[in-house]
Amino acid sequence: MFNLILFGPPGSGKGTQSEKLIARYGLKHLSTGDLLRSEIASQTPLGIAAKSLMDKGQLVPDEVVIGMIDHALVNNPKARGFLFDGFPRTKAQSEALDALLKKKGASINVVLALNVTEDELIKRLLNRGLTSGRSDDTKEDVIRARIGEYHNKTSTVADYYDKFGKVVLIKGEGSVDEIFDALSAEIDKRLDK
Ligand code: B4P
């Protein structure tokens, strides 16, 4: 199995690059943001509770997203590998993910971390908010709260995997294709081994 975490702050291009990477490498895409938005669209109790937090720019509780990922891993026994997009976002989520993969005799191969300046993140998300219909993309104070959550809770995920030498920083500004090429080069190096 080849398991990859695409890491970075909100708006760094995780969703954009994930679509291209799964098409090239045949990995199963697991985006906790997409899973949560699908719960919201179906108006499940989980979705209704998550929406009020997401609309404030806050993270949803660890046990909720860990449960969703556990379910997805169990439901995809034949996957050749997973691309985790927007997960893990806390140290507790990282530890839980490692334990879930261990049950499959697998682990994270690499964490590709997209690096983008804060001004560019805000510009991209406000721009996406014009067309996405996402309520968390339309207000600058909510976007700043999401970036704050990233600095306070999520950036520690990179420190956690860095201890195992698994983190590679990737310049997240430039054209979508340039960034895709840089990400692919890092994956190819590891697939060749
Ligand atoms: P996510 O759905 O993960 O959303 P994101 O971080 O905002 O998006 P991403 O970085 O994928 O942006 P994209 O590539 O699309 O999370 C939403 C919320 O869900 C969180 O705030 C939280 O509340 C909750 N949540 C999700 N996972 C959770 C977890 N594990 N634990 C707790 N809570 C969780 O790019 C953004 C824009 O930039 C797009 O418009 C794109 O077109 C543009 N763009 C991309 N690349 C570009 C480039 N190179 N140049 C110019 N523009 C570019």
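Entry 1: I began with the backbone, where a polar atom of glycine 11 is 3.1 Å from an oxygen atom of the ligand. Next I looked at the ligand's nitrogen atoms: one is 3.2 Å from a polar backbone atom of valine 60, and one is 3.0 Å from a polar backbone atom of glycine 174. On its own the ligand has 1000 Å² of accessible area, and the protein covers 87% of that. I noted the method too: accessible areas are Shrake-Rupley values with a 1.4 Å probe, and for residues only the protein chains shown count as cover.

A reminder to myself about the source: this is a predicted model, in which local features need pLDDT of at least 70, side-chain atom pairs count only at pLDDT 80 or more, and totals for chains, interfaces and linings use all residues. Residues are numbered from 1 along each chain as its sequence is written, and side-chain values use heavy atoms, with hydrogens and water left out.

Entry 2: Where does the ligand sit? I found the ligand in the largest pocket. A pocket here is an open set of points on a 1 Å grid over the protein atoms alone, with protein on both sides within 12 Å along at least five of seven lines; a cavity is a set where a 1.4 Å probe fits but cannot get out, and lining residues have an atom within 4 Å of a point. A molecule sits in one if more than half of its atoms lie within 2 Å of its grid points.

I then turned to the 29 residues around the ligand, of which Gly15, Thr32, Gln58, Arg128 and Arg146 come nearest (near means that a heavy atom of the residue lies within 4 Å). The shell divides into 10 nonpolar, 11 polar and eight charged residues. In this scheme Ala, Val, Leu, Ile, Met, Phe, Trp, Tyr, Cys and Pro are nonpolar, Asp, Glu, Lys and Arg are charged, and the others, Gly among them, are polar.

Which helices each supply at least two residues of the shell? I listed H1 (14-25), H2 (32-41), H6 (118-132) and H8 (176-191). H2 gives the largest share, four residues. Helices (H or I, at least four residues) and strands (E, at least two) are DSSP runs, numbered from the N terminus.

**Entry 3: arginine 146.** I came back to this arginine and placed it in helix H7. Is arginine 146 buried or exposed? Arginine 146 counts as buried because its relative accessibility is 11%; buried means under 20%, exposed over 50%, and partly exposed in between (1.4 Å probe, protein chains only). Its side chain makes a polar contact of 2.8 Å with the side chain of aspartate 137. Such a contact is a pair of N or O atoms within 3.5 Å; within protein, one must be able to donate a hydrogen and the other to accept it, and residues adjacent in sequence count only if both atoms are side-chain atoms.

**Entry 4: loops.** I looked up arginine 134 in the loop between H6 and helix H7 (140-162). Arginine 134 is buried, at 17% relative accessible area. From arginine 37, arginine 134 is 97 residues away in sequence and 9.3 Å in space, C-alpha to C-alpha.

Glutamine 43 is in the loop between H2 and helix H3 (45-54). I flagged this residue for its positive phi of about 55°, although it is not a glycine. Glutamine 43 is exposed, with 61% relative accessible area.

I also marked a cis peptide bond between phenylalanine 87 and proline 88, with omega about 0°. Proline 88 belongs to the loop between strand E3 (82-85) and helix H5 (91-103).

**Entry 5: two helix residues.** In H2 I checked glycine 33, which is buried at 15% relative accessible area. In H8 I checked serine 184, which counts as buried at 2%.
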